[in-house]
Amino acid sequence: MSVRMLPVPDGLDGMRVDAGLAKLLGLSRTVVAELAESGEVLLDGRPAGKSDRLAAGGLLEVRLPEPDNPVEVVVEPVEGLRILHDDDDIVVVSKPVGVAAHPSPGWSGPTVVGGLAAAGLRVSTSGAAERQGVVHRLDAGTTGVMVVAKSEHAYTVLKRAFKERTVEKRYHAVVQGHPDPTRGTIDAPIDRHPRHDYKFAVVAGGRPSITHYEVIEAFRAASLVDVKLETGRTHQIRVHFAAVRHPCAGDLTYGADPVLARKLGLNRQWLHARALGFAHPADGRWVEFEAPYPEDLAYALEILRAE
């Protein structure tokens, strides 16, 4: 077992132990609840139950089991992984669907990290062993542009840029219906879904989340929107558009119409990381990279435009 000592930040004051500790550790509430029930969570030196409340300034002590099998990077070519730019500090790729950014427990599919290693590209050794060089992530089911740090300096600079929100992240999404207004902002906090750990939801007291959007093309049953993220929460675009009753087409997890999904030939959400802009870590000049639509998303657009 390894022991983690974690002061309770002001932002978690009054939150349940399972919810707050899940945020701090990046674990599911179910896992944290099991740790608490096993007596592995102490709050100010006393055993804490999963429903106990946190107090700002308190001290959490958590005993975590060491993983039996550390996650390893599988070095293998990744079909469809396109290199858009490569220099001494960064490599920018267009990530295909079904590929994770890096290895993680329970994921046995291809990864960007493994694909770059198979291509002979050296990446930064900063970060956890399985996610070296990764400064941001895309869901396995989301395609598009992604940057990976190759030098230690680039890793530090880009990590800070993403944290300070100086990176411009633009996505394209096809959402059901017609958002009104056609240009606006969705400002709603996001956290784990209260009943389903595998997805997220707009939740009072969740992490601040801001999505700016503009409709760039309207169809009979859907709209193509340009999305600019101010924050970068897990599933943020999917959750926000589902919350305003315009889920991404094909996104059955968040309430999309399965009939429309079949009509468009979609087996996943129509969501694509279209462009990424940031100050290059080598000299600070602004650079932007754009990834073309993959075949499945382009095909769905053709069907919508033909109606």
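**Sheet packing and salt bridges**

In the predicted model, helix H1 (residues 17-25) lies across strands S1, S2 and S4 (59-64), and runs at about 70 degrees to S4. These strands belong to an open sheet of 4 strands, ordered S1-S4-S2-S3, with antiparallel pairing. Its edges are formed by S1 (2-7) and S3 (46-47), each of which pairs on one side only. Strand S2 (residues 41-43) pairs with S3 in the antiparallel sense over 2 bridges, and Leu43 stands opposite Arg46 in S3.

The count of salt bridges comes to 15. One of them joins Lys228 to Glu168, with the closest N and O atoms 3.7 Å apart. Lys228 is located in strand S13 (residues 222-229) and Glu168 in strand S8 (residues 168-176), so this pair ties together parts that are 60 residues apart in sequence. Both partners are partly exposed: the relative accessible area is 38% for Lys228 and 27% for Glu168.

A further salt bridge is formed by the side chains of Glu307 and Lys263, at 2.1 Å from N to O. This pair links distant parts of the chain, 44 residues apart, with Glu307 in the segment after helix H7 (295-306) and Lys263 in helix H6 (residues 258-264). Glu307 is partly exposed at 40% relative accessibility, as is Lys263 at 41%.

Glu290 and Arg274 also meet through their side chains in a salt bridge (3.5 Å, N to O). Glu290 lies in strand S15 (residues 286-290) and Arg274 in strand S14 (residues 271-279), so parts 16 residues apart in sequence are tied together. Here Glu290 is partly exposed, at 47% relative accessibility, whereas Arg274 is buried, at 16%.

How values were computed: Residues are numbered from 1 along each chain as its sequence is written. This is a predicted model: local features need pLDDT of at least 70, side-chain atom pairs count only at pLDDT 80 or more; totals for chains, interfaces and linings use all residues. Side-chain values use heavy atoms; hydrogens and water are left out. Two strands pair if DSSP finds at least two bridges between them. Contact means heavy atoms within 4.5 Å. Axes are lines fitted to C-alpha atoms, for helices over the stretch in contact, and angles run from 0 to 180 degrees between N-to-C directions. A salt bridge is a side-chain nitrogen of Lys or Arg within 4 Å of a carboxyl oxygen of Asp or Glu. Buried means under 20% relative accessible area, exposed over 50%, partly exposed in between (1.4 Å probe, protein chains only).
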